[in-house]
Amino acid sequence: SGEIDAIVVNMGEVLKQLGALGAETRSLLKADGPAIDAALKALQRNLESSEELLELLKAKPNRVLWGTPSEAEQEAARRKAQAAREGAARK
């Protein structure tokens with residue numbers, strides 16, 4: 001449990017840093033063509049999925065070991081991740 005808590009804390013910080021890096025990179029490299037824009041969009045999708053996974057793990061750390069989350073758990077994680085993104089965007 002302690003190790004999972006440490007992973008969750010570290011993953012949250014990494015996700016924040018990746019989000020900032022993705023936004024900066026997108027604005028700097030947007031003029032370099034559609035390939036870079038597609039790669040940055042894929043990075044954004046991966047970041048959002050990672051944020052949702054983080055929310056699932058915060059709610060139920062045992063999901064790492066057992067089972068797939070229910071649709072309701074996945075939707076709750078999506079809402080929490082979206083709220084966190086919107087909160088970070090306001091800052």
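In the predicted model, glutamate 55 touches Ala77, Lys80 and Ala81 when residues up to four places away in sequence are not counted. Glutamate 55 is placed in helix H2. With a relative accessibility of 13%, this residue counts as buried, because the term applies to values under 20%. One of the partners of glutamate 55 is Ala81, and alanine 81 is found in helix H3. Alanine 81 is likewise buried, its relative accessible area being 1%. Apart from neighbours within four places in sequence, alanine 81 is in contact with Glu51, Glu52 and Glu55.

Helix H2 comprises residues 34-59 and helix H3 comprises residues 71-90. The axes of H2 and H3 come within 8 Å and cross at roughly 115 degrees, and the crossing is right-handed. On the side of H2, the contact is made by Glu48, Glu51, Glu52, Glu55 and Leu56. On the side of H3, the contributing residues are Glu73, Gln74, Ala77, Arg78, Lys80, Ala81 and Arg85.

The overall architecture can be described in a few terms. The protein has 3 helices and 0 strands, and its pattern along the sequence is α-α-α. Of the 91 residues in the protein, 20% are buried. Contacts between residues at least 6 apart in sequence were also examined, and 54% of them join residues at least 24 apart. The accessible surface amounts to about 6500 Å², and carbon and sulfur atoms account for 59% of this area.

The structure holds 7 salt bridges. One of them is formed by arginine 85 and glutamate 51, whose closest N and O atoms are 2.4 Å apart. This pair links distant parts of the chain, since arginine 85 lies in helix H3 and glutamate 51 in helix H2, 34 residues apart. Both arginine 85 and glutamate 51 are buried. For glutamate 51, the relative accessible area is 16%, which places the residue under the 20% limit and is therefore the reason for the term buried. Glutamate 51 is in contact with Leu15, Ala81 and Arg85, leaving aside its neighbours within four places in sequence.

Glutamate 73 belongs to helix H3, whereas lysine 60 is located in the loop between H2 and H3, so the pair ties together parts that are 13 residues apart in sequence. The two partners can be described by their accessibility. Glutamate 73 is buried, with a relative accessible area of 18%, whereas lysine 60 is partly exposed at 37%. Glutamate 73 is also one of the H3 residues that make the contact with H2.

The side chains of arginine 78 and glutamate 71 meet in another salt bridge, with an N to O distance of 3.7 Å. Arginine 78 counts as partly exposed at 31% relative accessibility, and glutamate 71 is exposed, with a relative accessible area of 53%. Through salt bridges that share partners, Glu52, Glu71, Glu75, Arg78 and Arg79 are joined into one network. Within this network, Glu52 and Arg78 also take part in the contact between H2 and H3.

Helix H1 remains to be considered. A nonpolar surface patch of about 240 Å² is made by Val14, Leu18 and Leu21. Leucine 18 is placed in helix H1, which spans residues 2-29. At 36% relative accessibility, leucine 18 counts as partly exposed, because this value falls between the limits of 20% for buried and 50% for exposed residues.

Key:
Residues numbered from 1 in each chain as written. Predicted model: local features only at pLDDT ≥ 70, side-chain atom pairs only at ≥ 80, totals over all residues. Heavy atoms only, no water. Patch = residues over 30% accessible without salt bridge, like charges linked within 9 Å, V, L, I, M, F, W, Y side chains within 5 Å. Areas by Shrake-Rupley, 256 points an atom, 1.4 Å probe, with all protein chains shown as cover. Salt bridge = Lys/Arg side-chain N within 4 Å of Asp/Glu carboxyl O. Helix = DSSP H or I, 4+ residues; strand = E, 2+ residues; numbered from the N terminus. Buried < 20%, exposed > 50% of the residue type's maximum accessible area, 1.4 Å probe, protein only. Axes fitted to C-alpha atoms, helices over the stretch in contact; angles between N-to-C directions. Left-handed = near helix turned anticlockwise from the far one by under 90°. Contact = heavy atoms within 4.5 Å.
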